[in-house]
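Here are my notes for you to read alongside the model. Have the sequence open as you go through the points.

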Amino acid sequence: MELSLSFLLTTFICLLLFILIVTIALMYIVTEPYPNLGRYESEKYYFNPSKKEKMKFPSIHDPQSMDLSIIVPAYNEEERLPKMITEALEHLEERQKSNRSFQYEIIVVDDGSKDKTTQTALKYSEKYGTDKVRVLTLEKNRGKGGAVRLGVFVARGKLLLFADADGASQFSDIEKLEAEMGKINKSPDGMAVVCGSRAHLEHDSIAKRSLFRTFLMYGFHFLVWFLCVKEIKDTQCGFKLLTREAAVLLFSNMHVERWAFDVDMLYLAQYFDIPIGEVAINWQEIEGSKMIPVWSWLQMGKDLVLIRLRYMLKAWKINPKPKSS
Ligand SMILES: Nc1nc2c(ncn2[C@@H]2O[C@H](COP(=O)(O)OP(=O)(O)O)[C@@H](O)[C@H]2O)c(=O)[nH]1
Ligand SMILES: *[C@@H]1O[C@H](CO)[C@@H](O)[C@H](O)[C@H]1NC(C)=O
């Protein structure tokens, strides 16, 4: 009796170990160790509507040639983009008026939209010139992370901000992010990340949300904290500022192109000991979010586990010196 029990137990443990080893082996076999940083040929150009010609984008590996690049990932955003971009342009133009040497650009990345996002954005290229507004139209939908990455790779700024097209954040809050950046960016290689944060609004949103959504929210926060990112309360806010050096390193190594890309990026920032700041910003819930709650929460949970596992097992490799392509 005793013998058979211990035998059963041993068999069970062996079986578990076997399954674990097979899973890890499979993960190694099916996982690409480095992210695919390739682009289609057409994604290396932007269109100048005034001259009606295609122009080649510069590279993130070139030296910086202006102060600030705003990268706006946009997927089917013809409705929401105009308000966001107008608000941004107003703010940036105002700033340029008070300081002539301040130079900026906005890069709208159309993530393979089915609507007229590109045409909508090109109107601003025409009005403000392609030195200020450029449109990168992706051949296929990649997901927000993939869209931001390709925007980063053609940016000229010393600082890079990515901002959602829905205008949920108040654009002028960028100055809060820059102020924090000034405080934490002390290293000689100039690497730092500042995240806009909605953590201070959590109490209000709990009042408005169903119990179930609140539960999902806390579950997600716990998983992020437990598995991947300990320093930041709100990893998902679509308003983040990076130095050029940090952007090259992080976006060349980021493996996730869909929702969990923020977590991947911050996980890597922690790995490289890049200082991370978090600043409370104003936020408005905007109609038309494309998230399907339960399904995307499940997917994000799965992504978080996989991110941690793949980096831990070194199935995903990290390249500390991304070379110029
Ligand atoms: N849903 C979705 N958004 C994308 C995609 N690629 C880029 N985006 C942009 O990512 C930003 C956030 O999207 P949204 O659906 O508003 O997400 P939420 O604000 O987190 O609810 C917007 O600027 C989108 O246009 C994509 O493949 N799917
Ligand atoms: C004006 O902008 C330039 C470039 O961003 C900056 O170096 C300079 O400090 C600014 N001057 C003032 C007075 O803010």
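1. A definition to begin with: two residues are in contact if their C-beta atoms, placed from the backbone, lie within 7 Å. With that in hand, take Phe171: leaving aside its neighbours within four places in sequence, Phe171 touches Glu87, Ala88 and His91 by that contact rule.

2. Some housekeeping. This is a predicted model, where local features need pLDDT of at least 70 and side-chain atom pairs count only at pLDDT 80 or more, while totals for chains, interfaces and linings use all residues. Residues are numbered from 1 along each chain as its sequence is written, and chains are lettered from A and ligands numbered from 1 in the order in which they are written.

3. Back to Phe171. You'll find this residue in the loop between strand S6 (157–163) and helix H5 (174–184); helices (H or I, at least four residues) and strands (E, at least two) are DSSP runs, numbered from the N terminus. Is Phe171 buried or exposed? Phe171 has 22 other C-beta atoms within 10 Å, so it is buried (buried takes 20 or more other C-beta atoms within 10 Å of a residue's own, exposed 12 or fewer, partly exposed in between, with C-beta atoms placed from the backbone). Asn282 sits 111 residues away along the chain, yet the C-alpha atoms of Phe171 and Asn282 are separated by 9.0 Å.

4. Now the strands. All five of the five residues of S5 (residues 133–137) are buried, so this strand is largely enclosed by the rest of the structure. Val133, Val135 and Thr137 point one way from S5, and Arg134 and Leu136 the other way. S4 (residues 104–110) runs parallel to S5, and five bridges join them. One to look up is Asp110, whose bridge partner in S5 is Thr137.

5. Zooming out, the protein has ten helices and nine strands. Its radius of gyration, taken over C-alpha atoms, is 22 Å, close to the 20 Å that the globule rule gives for 325 residues, so the protein is as compact as a globular protein of that length (the rule is 2.2 Å times the number of residues to the power 0.38). Of the 325 residues, 37% count as buried. Among contacts with a separation of 6 or more, 84% come from residues 24 or more positions apart.

Methods. Two strands pair if DSSP finds at least two bridges between them.
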